[in-house]
Amino acid sequence: MDFQVVVLAGGNSKSLTPLVSKDVPKPLLPVANHPVLYYVLHQLEESNLKDLIVVVEGEDAGLLVGAWISGTFVDRLHVEIAAVPEDIGTAGALRAISHYLTAKDILVVSGDLVSDVSPGAVAATHRRHDAVVTATLCCVPISGSSESGSSGGKDKTKKPGRYNIIGLDPRKQFLLHIATEIEKDTRLQKHLLHAVGQMEIRSDLMDAHMYAFKRSVLQEVLDRKDTFQSLKQDVVPYLVRSQLKSEAVLSGIRQAEEDGNEKVSFPNNQVMVSQILSNASTPSFHELYSMDADGSAQTRKTHKCCAYIASSSSYCVRLNSIQAFMDINRDVTGEADHLLSDNVIGPSPKLGTKTTVGPHCMLGEGSEMGDKCQVKRSVIGRHCRIGSHVKVVNSVVMNHVTIGDGCIIQGSVICSNVQLLERVVLKDCQVGAGFVVTAGSEYKGESLARKEK
Amino acid sequence: MDPRRTARTVSGPKVRQVGFFTPAPPERSISDPPRFQDPIQPPSPSPTQVNDHSPSGNSLSPVMIPPAHHHSDNFLRTALQVTSPTKAFSYSAKTVTIPPENEDVASSFSPGRKVFSAKSPSSFPGVKASSVPASELTTVSVVNLPPGISEKAGGASVEVQNDRPVSAKTLKEKTSKAERRALQEAQRAAKAAAKAEGTKASSAASKVVTSANTKPSKAAKSSSQKNDGSQVAASEKKGGDRAPEKDRKKDAPHPRMQYDDKSRVEKAKKRAVVKQTEARNRVELFRHLPQYEHGTQLPDLETKFFELDPMHPAVYKVGLQYLSGDIRGGNARCIAMFQAFKEAIKDYSTPPEKTLIRDLAARISSYVSFLIECRPLSISMGNAIKFLKNRIAKLPLALSESEAKSTLMLDIDRFINEKIILSEKVIVKHAVTKIQDGDVLLTYGASSVVEMILLHAHELGKHFHVVVVDSRPKLEGQLLLRRLVRKGLSCTHTHVNAVSCIMQDVTRVFLGASSVLSNGTVYSRVGTACVAMVAHAFRVPVLVCCEAYKFHERVQLDSICFNELGNPDAISKVQGREEINYLDGLVNQENLQLLNLIYDATPSDYVSMIITDYGMIPPTSVPVIVREYRRDHLWS
């Protein structure tokens with residue numbers, strides 16, 4: 001279908017410390033015992049997209065991710081890994097691999113997206129409108145609505161102003177405005193409003209970081225605007241802003257393409273053909289605007305920025321905070337369990353007597369639990385040893401964790417190779433990899449990590 | 001006038017006249033011819049000579065309906081054939097530009113035809129000379145055969161087709177034995193001629209060559225044994241090229257499927273690409289037409305974007321645009337489809353161990369069935385597809401892949417340019433002569449040709465007023481209006497409800513058409529028939545502008561057996577007016593059925609004239625165009 005897929009599996013991991021470390025780069029952060037990247041790749045594979053470029057920040061991470069992908073998706077996907085220097089942003093990453101991009105359109109997916117929004121639908125919308133960029137918008141995470149049943153600790157982590165301000169045309173097809181943060185004032189363009197007539201401003205939509213770009217335009221923008229760092233904050237808003245006054249260079253390209261098509265010997269007729277076609281289609285405000293100047297002559301160049309709004313029933317969350325991490329873990333084992341194709345409970349967990357594992361739980365392979373344990377709404381990784389009288393609620397326990405007897409863990413994340421000695425009480429804590437929690441200690445809302453040596 | 005009337009009663013019993021048949025009072029029919037002359041003629045003493053031909057056209061009318069006596073029919077046919085070219089020339093003499101252009105189209109487009117017509121008399125001069133009726137018949141059978149075959153292959157849709165090839169069938173039945181013999185003879189002769197030609201190895205006529213080489217003896221034997229009837233078709237079937245036949249087999253059931261036939265629908269669903277949930281409440285009379293739950297197809301198709309591997313992106317895009325209604329209008333859809341096919345052919349490469357001709361034909365067929373799933377084909381598209389498949393089937397085997405591809409792409413370009421663009425220009429030239437200063441022209445909907453006519457007339461400096469009549473839910477007329485107003489034409493806009501009020505001031509009605517059928521019925525956007533009838537009642541001439549590639553040999557008496565159902569929501573909801581929600585929640589009620597028809601059929605009684613690229617003709621002469629055009633297709 002002449003689409004190339006780029007998975008941007010980098011991203012700042014600051015908001016996810018101490019879960020993310022050198023050994024566990026963000027793409028490999030396990031969500032319900034699968035690295036988060038798995039969800040994206042799985043989704044793409046389901047859509048029959050088997051040629052991917054995965055962009056990772058940093059050489060080491062690149063090696064790790066590459067090793068994991070080749071181990072997991074061998075014979076299933078054709079993945080190329082590109083390691084780019086850190087902190088060059090999403091736009092920078094695309095710039096770095098720009099010369100690999102050859103297809104007509106590029107689908108850019110963020111590697112931390114856990115969703116069941118079909119990439120095909122985005123691509124189809126993009127194609128149908130012949131858009132320059134199509135952004136996927138989804139309703140603000142399900143966690144907002146299903147909050148009632150889960151821990152109370154999440155409200156405080158939710159900062160106001162994380163929402164996007166998105167302007168849509170009345171038919172909800174075109175993107176008219178996109179801003180990431182609420183500033184005091186939001187500036188709208190007058191001529192855009194004038195052309196569209198009516199704009200719908202929504203704050204309940206979230207940019208899912210799945211974009212379809214027209215390659216030529218994307219490369220053009222990346223080349224010319226070398227200060228652009230981020231797709232979301234720079235490139236997309238720029239394209240949206242300039243949709244009615246497409247820069248000369250952009251339109252120049254398109255002109256050239258059209259000319260290429262018109263090499264047939266009937267130039268005059270070709271004009272008529274295109275006129276018939278354009279007359280037959282419903283004009284978007286772009287066309288109307290471009291004609292406004294004087295009659296038929298298309299003096300003003302425009303391009304289209306489309307929005308694909310995922311249906312409210314689809315699941316779509318980005319893993320960009322610890323809270324999101326907790327939510328995704330809960331949802332993936334719970335209501336959005338269709339995201340995982342394989343079994344939820346690993347083979348042969350050893351459970352002690354009178355140990356109960358509630359619903360929406362996941363037990364990794366080879367984990368052992370002692371007597372009279374309680375596990376509710378939690379994910380427990382592989383090869384964990386859990387002693388007796390342990391209570392794990394709303395928590396994530398990664399691989400190779402040893403938990404002593406009598407521990408109580410609530411709403412916490414415990415990374416790999418952590419040792420909890422006896423009678424530890426953790427509430428809303430994050431414990432970094434390899435940390436050892438001393439016996440009998442109690443923590444609440446803290447982030448524990450090994451000191452970097 | 002009389003023959004036409006009797007003919008009509010013969011062909012269609014009263015029951016069939018479902019649509020727009022106002023029982024015309026007798027004095028109307030008497031006053032008809034003068035009316036027909038009057039409005040077109042009087043303002044201009046400059047003779048365009050429509051009425052000269054209208055009587056001849058009337059007398060020719062029985063052509064489409066088989067009369068009782070075959071010989072007279074034959075005579076009429078010959079007469080028609082003779083008259084039609086002369087007519088064209090008489091026109092062309094007046095309007096100056098047509099003859100070269102017509103010649104151009106014909107010559108550039110059908111080299112093969114010329115070759116054939118040149119060679120058949122030369123290699124076999126005896127046939128034509130010996131039995132005039134026989135040779136006359138052969139051409140008829142050749143013209144009518146392909147639909148016959150497809151019908152047999154289709155099989156599914158017998159009851160629908162029954163009324164279509166009436167003329168052909170009854171004709172066959174009624175031929176006397178001697179004539180049948182003569183016909184056989186002629187065919188055998190033609191085959192032998194082809195064989196002789198084939199030994200000379202002219203690669204252009206490869207189809208005929210293969211047919212003659214492979215099965216001549218068999219065909220001859222069997223034909224001598226049985227009496228012809230089906231035999232003509234059978235021998236042709238055996239001899240004919242297999243690939244296109246198979247395509248037809250695959251192709252034919254699609255557009256003609258009866259959607260009230262449950263088992264067939266199930267089967268069709270299984271192979272469908274697009275998920276089609278059928279709407280529950282369908283109007284009884286239209287159950288045989290496909291009607292899907294609107295809004296379910298598009299998202300489903302979208303999610304499958306990457307999964308439809310065999311589908312070419314361009315084709316896919318066009319399908320999406322059909323489905324979402326981004327492209328509409330017969331010409332635009334046809335052009336878009338052909339451009340997509342061109343892209344697909346450009347990117348095509350023959351898989352190993354397959355031949356280009358067959359594989360590409362199959363590929364195109366799969367594209368077509370995909371497009372049908374997105375939206376039923378228009379008749380113009382059907383004709384265009386037939387043309388393309390014909391070209392593919394006739395590709396010489398010796399051609400290399402790249403050559404074959406470029407040939408096909410060139411063919412497509414030529415089709416678009418000659419059959420659509422050029423013919424539109426010709427139509428515009430014809431039609432503009434009918435516009436005088438001070439005219440009030442009425443048009444309905446948004447036809448690309450009519451728009452060009454109006455714009456061209458405006459450029460010529462004629463002063464006239466345009467009434468654009470429109471109707472919900474599509475309101476395409478507004479787009480037309482927008483473009484016209486911008487060009488400085490003086491316009492009136494109204495909806496079809498008010499057409500009877502505005503018709504008093506109108507001097508001419510220009511209508512576009514989706515198709516013109518061989519009984520002169522104009523198949524066009526729903527509402528056209530209503531406008532035409534009102535115009536007829538007000539004695540306003542109705543000029544239908546339609547390119548010849550949209551003509552079809554089908555005969556249709558009502559707008560029921562073939563039609564398209566649109567989205568029923570479109571009529572139950574008014575866009576932009578949320579407060580009109582009286583039907584909210586009722587849509588799925590058992591006893592409410594919503595009907596949103598797309599097309600309707602205007603009987604030829606209400607059409608004064610059809611303007612096409614072969615000239616301005618009365619609706620009764622459509623079969624001539626169909627036949628001539630068919631021949632172009634078959635032999636080019």
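A: Helices (H or I, at least four residues) and strands (E, at least two) are DSSP runs, numbered from the N terminus. On that basis chain B has 28 helices and 11 strands, while chain A has 12 helices and 31 strands. The model is predicted, so local features need pLDDT of at least 70 and side-chain atom pairs count only at pLDDT 80 or more, whereas totals for chains, interfaces and linings use all residues. Residues are numbered from 1 along each chain as its sequence is written, chains are lettered from A and ligands numbered from 1 in written order, and side-chain values use heavy atoms, without hydrogens and water.

A cavity is a set of points on a 1 Å grid over the protein atoms alone where a 1.4 Å probe fits but cannot get out, and its lining residues have an atom within 4 Å of a point. Points are joined across faces, edges and corners, and the volume is the space filled by probe spheres set on them. The structure holds 12 cavities of 30 Å³ or more. The greatest share comes from α19(B), with 4 residues.

The largest cavity lies between domain 1 (262-419) and domain 2 (434-574 + 586-634) of chain B, because both give residues to its lining. These domain bounds come from an automatic or database domain assignment.

Next, the two chains. Buried residues (under 20% relative accessible area, with exposed over 50% and partly exposed in between; 1.4 Å probe, protein chains only) make up 55% of the 636 residues of chain B. In chain A, 55% of the 453 residues count as buried. Contact means heavy atoms within 4.5 Å. Among contacts with a separation of 6 or more, residues 24 or more positions apart account for 79% in chain B and for 56% in chain A. Accessible areas come from the Shrake-Rupley method with a 1.4 Å probe, and for residues only the protein chains shown count as cover. The accessible surface of chain B comes to about 26,900 Å², with 58% of it belonging to carbon and sulfur atoms. For chain A the figure is about 19,700 Å², with 49% from those atoms.

Some backbone details follow. Glu353(B) sits in the loop between α19 and α20 (356-374) of chain B. This residue is not a glycine, yet its phi is positive, about 65°. Glu353(B) counts as exposed, at 84% relative accessibility. The loop between β2 (464-470) and α24 of chain B contains Pro473(B), and the peptide bond from Arg472(B) to Pro473(B) is cis, with omega near -5°. In chain A, Asp428(A) also has a positive phi, about 50°, without being a glycine. Asp428(A) lies in the loop between β27 (425-427) and β28 (430-431) and is partly exposed, at 24% relative accessibility.

Leu441(B) belongs to strand β1 (residues 439-444) and is buried, with a relative accessible area of 1%. Its C-alpha atom is separated by 5.6 Å from that of Val509(B), 68 residues away along the chain. Leaving out residues up to four places away, the contacts of Leu441(B) include Leu454(B), Phe464(B), Arg508(B) and Phe510(B). Thr612(B), in strand β10 (residues 609-612), is buried at 0% relative accessible area. Beyond four places in sequence, its contacts include Ile427(B), Cys546(B), Phe551(B) and Ile625(B). The C-alpha atoms of Thr612(B) and Ile625(B), 13 residues apart in sequence, are 9.1 Å apart. Helix α28 (residues 622-635) holds Arg630(B), which is buried at 7%. Arg630(B) is 9.6 Å from Asn383(B), C-alpha to C-alpha, although 247 residues separate them in sequence.

Key. On a 1 Å grid over the protein atoms alone, a cavity is a set of points where a 1.4 Å probe fits but cannot get out, and a pocket is an open set with protein on both sides within 12 Å along at least five of seven lines; lining residues have an atom within 4 Å of a point.
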